[in-house]
Amino acid sequence: MRFKLDCSWVRSDWAIVLFLGCLAYLLFFNSGTSTLIVGPNWHHDDGCYLQYLGMYIGMDGSDICQAPGHNYFARGAPILWIIPGLLGKWIAHFRSESPTAWIIAMVANASFFLWVLGLFFAVKILRFWNRELGLKHALIPLFGLFFLFNSFSFYYATVRVFLAHTA
């Protein structure tokens with residue numbers, strides 16, 4: 001009796017997108033600075049999203065957001081980060097460490113997962129419109145990756161994953 005491994009999953013869109021996502025992460029993504037939100041103006045941008053997340057998961061941080069004028073930051077992206085934020089808070093609690101670093105790391109990983117999910121949907125949309133586009137079937141995932149790199153918001157989501165653009 002011979003055991004034959006079915007490798008058809010390797011040719012699936014999920015496998016190809018996962019491979020391209022890992023490749024993009026290794027080649028283009030600056031993992032050292034993606035979770036580092038402390039920049040010159042982080043209180044005016046990332047700090048506001050982090051403050052909303054803190055309000056959602058029960059952490060005090062009312063002085064983090066220092067945006068001048070009215071606060072125009074959408075609250076939708078931090079809603080997507082509630083589960084990773086709680087996971088980071090839980091890990092920090094059991095390790096007796098500062099929760100901020102763990103929350104930012106968990107949010108960055110979850111945001112990268114959302115980026116890969118966006119790549120998957122871009123591939124599915126390209127496959128749906130392929131009859132009109134006339135693309136070669138095997139190259140559609142690469143065109144999906146090029147689409148993400150050439151879109152301004154998706155580019156930000158690629159190079160600096162903590163920003164709300166990924167959501």
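In this note, a residue is called buried when its relative accessible area is under 20%, exposed when it is over 50%, and partly exposed in between (1.4 Å probe, protein chains only). With that in hand, Trp129 is partly exposed, at a relative accessible area of 44%.

1. **What you are looking at.** This is a predicted model, where local features need pLDDT of at least 70, side-chain atom pairs count only at pLDDT 80 or more, and totals for chains, interfaces and linings use all residues. Residues are numbered from 1 along each chain as its sequence is written, and side-chain values use heavy atoms, leaving out hydrogens and water.

2. **Confidence.** pLDDT is the predictor's confidence in each residue, from 0 to 100. The protein chain has an average of 76, and 70% of the residues score at least 70. Confidence is lowest in helix H2 (residues 31-34), with a mean of 56, and highest in H5, at 93. Helices (H or I, at least four residues) and strands (E, at least two) are DSSP runs, numbered from the N terminus.

3. **Aromatic pairs.** How many aromatic pairs does the structure hold? There are 5 aromatic pairs. Rings of Phe, Tyr and Trp (its six-membered ring) pair if their centres lie within 6.5 Å; planes under 30 degrees apart count as stacked, over 60 as edge-to-face and the rest as tilted. Tyr49 and Trp81 make an edge-to-face pair, with 6.4 Å from centre to centre and 75° between the planes. This pair links distant parts of the chain, 32 residues apart: Tyr49 is in helix H3 (residues 46-57), and Trp81 is in the loop between helix H4 (76-80) and helix H5 (82-95). Both Tyr49 and Trp81 are buried.

4. Is Phe128 buried or exposed? Phe128 counts as exposed, because its relative accessibility is 61%. Elsewhere, ring pairs join Trp14, Phe120 and Phe121 into a cluster.

5. Leu23 sits in helix H1 (residues 13-27) and counts as partly exposed because its relative accessibility is 34%. Now look for Leu142 in helix H8 (residues 140-150). Leu142 has a relative accessibility of 34%, so it counts as partly exposed. From C-alpha to C-alpha, Leu142 and Val123 are 8.5 Å apart in space, and they are 19 residues apart in sequence.
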